[in-house]
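User: I am new to reading protein models. Can you take me through this one, feature by feature?

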Amino acid sequence: DGRVIYLPRALPAPRNADEDRLVYRAMGLVQLGLVRFGFLSNRALLAELHRDWVLRTAWHVLAARSALRRWREEWPGLAVDLDALRLAA
């Protein structure tokens, strides 16, 4: 909705508690990035994208990657957590 960050109540059990923390942190950063960096501001475009699951999925993947890249640039200390999450997958 462009105002609220939505996170799931639960995920499949992580291999360890650190992974769980990293996953939730990354999900929060993606959601916040979508709002802060304006990815959710063009309602007409979003409505069009959401009519096709391929476009919707591709847009979400690219928007999430862009948001995480921008967070890395703005807050370089986040790179350690994001790299650890990528290595855990």
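User: Let us begin with one side chain. Is Arg-25 buried, partly exposed or exposed?

Analyst: This is a predicted model. To read exposure, look at the relative accessible area. Buried means under 20%, exposed means over 50%, and partly exposed lies in between. Arg-25 has a relative accessible area of 39%, so Arg-25 is partly exposed.

User: Which residue forms a salt bridge with Arg-25?

Analyst: General idea to start with. Side chains of opposite charge can pair when their charged atoms come close. Here Arg-25 pairs with Asp-81, and the closest N and O atoms are 2.2 Å apart. Arg-25 belongs to helix 1, residues 17-36, and Asp-81 to helix 4, residues 78-88, so this bridge ties together parts 56 residues apart in sequence. Asp-81 is buried, at a relative accessible area of 16%. There is also a network: salt bridges link Arg-21, Arg-25 and Asp-81.

User: How many salt bridges does the structure hold?

Analyst: Seven. Take another one: Arg-36 and Glu-74 meet at 2.7 Å, N to O. This pair also links distant parts of the chain, with Arg-36 in helix 1 and Glu-74 in helix 3 (residues 53-74), 38 residues apart. Both ends can be read by area. Arg-36 is partly exposed at 46%, and Glu-74 is partly exposed at 33%.

User: What separates Arg-69 and Glu-73 in helix 3?

Analyst: About one helical turn, because the two are four residues apart in helix 3. Arg-69 is partly exposed, with 42% relative accessibility. Glu-73 is exposed, at 54%.

User: How many positive and negative side chains does the protein have?

Analyst: The protein has 14 positive and 10 negative side chains. The centres of the two sets lie 3 Å apart.

User: Now the rings. How many aromatic pairs are there?

Analyst: Two. Phe-37 and Trp-71 form a tilted pair, with 5.0 Å from centre to centre and 55° between the planes. Phe-37 sits in the loop between helix 1 and helix 2 (43-49), and Trp-71 in helix 3, so the pair ties together parts 34 residues apart in sequence. Phe-37 and Trp-71 are both buried.

User: What are the distance and angle for the rings of Phe-39 and Trp-59?

Analyst: Their centres are 6.4 Å apart and their planes stand at 80°, so this pair is edge-to-face. Phe-39 lies in the loop between helix 1 and helix 2, Trp-59 lies in helix 3, and the two are 20 residues apart. Trp-59 counts as buried, at 15% relative accessibility. A pair of aromatic rings is described by the distance of the centres and the angle of the planes.

User: Step back to the fold. How many helices and strands are there?

Analyst: Four helices and zero strands. From the N terminus, the elements run α-α-α-α. The C-alpha trace spans about 40 × 30 × 25 Å along its principal axes.

User: Which residues of helix 4 are buried, and what do they pack against?

Analyst: Leu-78, Ala-79, Asp-81, Leu-82, Leu-85 and Ala-88 are buried. The buried residues of helix 4 pack against helix 1 and helix 3. Across the protein, buried residues make up 26% of the 89 residues.

Methods: Residues are numbered from 1 along each chain as its sequence is written. This is a predicted model: local features need pLDDT of at least 70, side-chain atom pairs count only at pLDDT 80 or more; totals for chains, interfaces and linings use all residues. Side-chain values use heavy atoms; hydrogens and water are left out. A salt bridge is a side-chain nitrogen of Lys or Arg within 4 Å of a carboxyl oxygen of Asp or Glu. Buried means under 20% relative accessible area, exposed over 50%, partly exposed in between (1.4 Å probe, protein chains only). Lys and Arg count as positive and Asp and Glu as negative; His and the chain ends are not counted. The place of a charge is taken as NZ of Lys, CZ of Arg, CG of Asp or CD of Glu. Contact means heavy atoms within 4.5 Å. Rings of Phe, Tyr and Trp (its six-membered ring) pair if their centres lie within 6.5 Å; planes under 30 degrees apart count as stacked, over 60 as edge-to-face and the rest as tilted.
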